[in-house]
Amino acid sequence: MRLGVLDVGSNTVHLLVVDAHRGAHPMPARSEKTVLRLAERITKAGDLSKHGADELVRTVATAKRSAAELGCEELMAFATSAVREADNAIAVLERVRSETGVHLQVLSGDDEARLTFLAARRWYGWSAGRLLVLDIGGGSLELAVGRDENPDRAISVPLGAGRLTRTRFRSDPPGREEIAETAGWLEDQLAPVAKKMLKYGEPDRVVATSKTFRSLARLTGAAPSSSGPRVRRVLTESGLRQLLAFISRMSAHDLAELEGVSASRAHQLVAGALVAQATMRALGQPELEICPWALREGVILRRLDQEPK
């Protein structure tokens, strides 16, 4: 069957179309992205602005049309932290439903972590043993650990790259003092989180997913996306430390010129690198393997599991 999954995130709205059936490898057929930066359209009162809601409705409507034109039998749509945390989320979701016919399911942070973990487990298989999976988004950081398809523990903390850029940096590029203070603050925030994750035992494999980690790995020497998803890619703490010393002196405009960095996320790359470094140090992990599957694939796999055998 052909399925569409619509991911309304903090930075982008991403439509992924795949051909798949239960027990098979989902094969991507089309990918379409629209940059909305919804997290930056939250007003001081805590609401998603009218302009932001207008843009969201138009983008969802366009994605729905694209999915229909591409022959999708079903469109699964979900929203993460930007919509989840908006005080007017219920009204926005109702407006999307009434004007587009699309029901946006709001995932909790723990649900994000569990579905991302499922995707990583299916990618690596049972031979990977106890998996520890990390995912830095725009609004939150997700962690999950376990031996099965359902993790023993899934945690979401508000340490996303976009959130930290907005709340902790006052200049572009951020000053040395801002970076040092943020690094120390992250260490304090992540110490109890790491303790919760590591109480289940030392992981056999530690993997990271999604755009922030992929960009950081590419900038530290990992193979480009053109090499395909099956090439092994890693991010090392030593490589990340050297990268931070370099990118922390660059403006967002200059960062956007680097290979593997998208213009829509360049402004939050330094914060993402700080979160990645602090998480690796808190967990005592000098190296992460980059998993090509993440939340969207987890949503698709969970849907396929519901198909009759």
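Trainee: In which helix do Arg95 and Glu99 lie, and how many residues apart are they?
Mentor: Both belong to helix α3 (residues 89–100), and they are four residues apart, about one turn of the helix. Keep in mind that this is a predicted model. An α-helix has 3.6 residues a turn, so residues three or four places apart point the same way.

Trainee: What makes Arg95 and Glu99 a salt bridge?
Mentor: Their side chains meet at 2.8 Å, N to O. The cut-off is 4 Å between a side-chain nitrogen of Lys or Arg and a carboxyl oxygen of Asp or Glu, so the pair qualifies.

Trainee: How do you know that the pair Glu74 and Arg303 links distant parts of the chain?
Mentor: Glu74 is in strand β4 (residues 74–79) and Arg303 in helix α11 (residues 295–305), 229 residues apart. Their side chains meet in a salt bridge at 2.9 Å, N to O.

Trainee: Why is Arg303 called buried?
Mentor: Arg303 has 15% relative accessibility, and buried means under 20%, so the label holds. Glu74 has 26%, so it counts as partly exposed.

Trainee: Which domains is the chain divided into?
Mentor: Domain 1 covers 2–106 and domain 2 covers 109–295. Their C-alpha centres lie 23 Å apart. The contact takes 14 residues from domain 1 and 16 residues from domain 2. Between them the two domains bury about 1,200 Å², with 44% of it on carbon and sulfur atoms. On the domain 1 side, Asn11, His25 and Arg84 lose the most area to domain 2, together 34% of what that side buries.

Trainee: How many salt bridges does the rule find across the interface of domain 1 and domain 2?
Mentor: Two. As for Arg84, its side chain meets that of Glu112 in a salt bridge at 2.8 Å, N to O.

Trainee: What makes Glu112 buried or exposed?
Mentor: Glu112 has a relative accessible area of 7%; the limit for buried is under 20%, so Glu112 is buried. Arg84 is partly exposed, with 24%.

Trainee: Why are the buried residues of helix α8 said to be on the same side?
Mentor: The residues in question are Glu237, Gly239, Leu240, Leu243, Leu244 and Ile247. They cover an arc of only 150° around the axis, which puts them on the same side of α8. These buried residues pack against α7 (210–219), β10 (234–236), α9 (252–255) and α10.

Trainee: Which residues touch the most other members of the largest nonpolar core?
Mentor: Phe213 and Leu235, out of 46 residues. Helix α10 (residues 269–283) gives the most to this core, with ten residues. Apart from this core lies another, of 27 residues, including Leu38 and Ala67.

Notes
Residues are numbered from 1 along each chain as its sequence is written. This is a predicted model: local features need pLDDT of at least 70, side-chain atom pairs count only at pLDDT 80 or more; totals for chains, interfaces and linings use all residues. Side-chain values use heavy atoms; hydrogens and water are left out. A nonpolar core is a set of buried Ala, Val, Leu, Ile, Met, Phe, Trp, Tyr and Cys residues joined through side-chain atoms within 4.5 Å. Buried means under 20% relative accessible area, exposed over 50%, partly exposed in between (1.4 Å probe, protein chains only). Helices (H or I, at least four residues) and strands (E, at least two) are DSSP runs, numbered from the N terminus. The arc is that of the directions from the helix axis to the C-beta atoms. Contact means heavy atoms within 4.5 Å. Domain bounds come from an automatic or database domain assignment. Buried area is the accessible area (1.4 Å probe) that two parts lose on being put together, summed over both.
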